[in-house]
Amino acid sequence: MKKSPLHLLLVLVVICTSSVFASEVIEDAMKKYHKAPKGQDPVCKIVANGKASTEQIAELLTAYQAMCKEAPPRGEKADWVKKCQAVIASLKKIQGGDAAGAEEFKKASNCKACHSEHKPE
Ligand code: HEC
């Protein structure tokens, strides 16, 4: 999918109709927040470094809340929800100005830990 200003709108539409486009929500969130264009830091890295804007943190939080409602393409739904909730909790801490939030976010958003259980081959 091409990146365009419409992309965010599309993500919102997808979130609203999430039961129809189940894994697209997860896929889009991954592409948008975990993978950055060349030469740029992905949003998740900026958040982990404590350099994210209020909007970036809120966007990432919304994305994880949407992912949390999805069924993972692979693995246990209960475990998936737990992993997403951990990220959500850490983001809320960051929003609340809790210094422990960034460290917790780094742990909770561990790419490999989640991919090894929930990302299809
Ligand atoms: C809470 C679980 C979770 C975490 C944490 C996570 N991912 Fe993912 N990721 C997934 C799942 C599930 C998929 C498969 C989505 C699908 O294909 O339906 C995925 C897919 C992807 C994809 C492929 C998207 C595509 O093009 O289809 C990329 C790239 C990616 N993740 C990057 C990352 C990076 C980088 C990190 C760490 C900063 C990360 N992810 C952390 C669950 C996670």
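Modeller: What follows is a quick look at one helix and its surroundings.

Modeller: This is a predicted model, where local features need pLDDT of at least 70, side-chain atom pairs count only at pLDDT 80 or more, and totals for chains, interfaces and linings use all residues. Residues are numbered from 1 along each chain as its sequence is written.

Colleague: How far apart are the end C-alpha atoms of α5?

Modeller: They are 27 Å apart, which agrees with the 27 Å that 19 residues (77-95) should span at 1.5 Å a residue. That expected span is 1.5 Å times one less than the number of residues. Helices here are DSSP runs of H or I, at least four residues, numbered from the N terminus.

Colleague: Which residues of α5 are buried?

Modeller: Trp 80, Lys 83, Cys 84, Val 87, Ile 88, Ser 90, Leu 91 and Ile 94. Buried means 20 or more other C-beta atoms within 10 Å of the residue's own, exposed 12 or fewer, partly exposed in between, with C-beta atoms placed from the backbone.

Colleague: And which exposed residues sit on the face turned away?

Modeller: Ala 78 and Lys 82.

Colleague: New topic. How do the axes of α5 and α6 cross?

Modeller: At roughly 160°, coming within 8 Å. The two helices are therefore roughly antiparallel (over 145 degrees). Residues making the contact include Val 87 and Leu 91 of α5 and Phe 105 of α6. Contact means C-beta atoms, placed from the backbone, within 7 Å.

Technical notes
Axes fitted to C-alpha atoms, helices over the stretch in contact; angles between N-to-C directions. Parallel < 35°, antiparallel > 145°, perpendicular 65-115°, else oblique. Contact = placed C-beta atoms within 7 Å.
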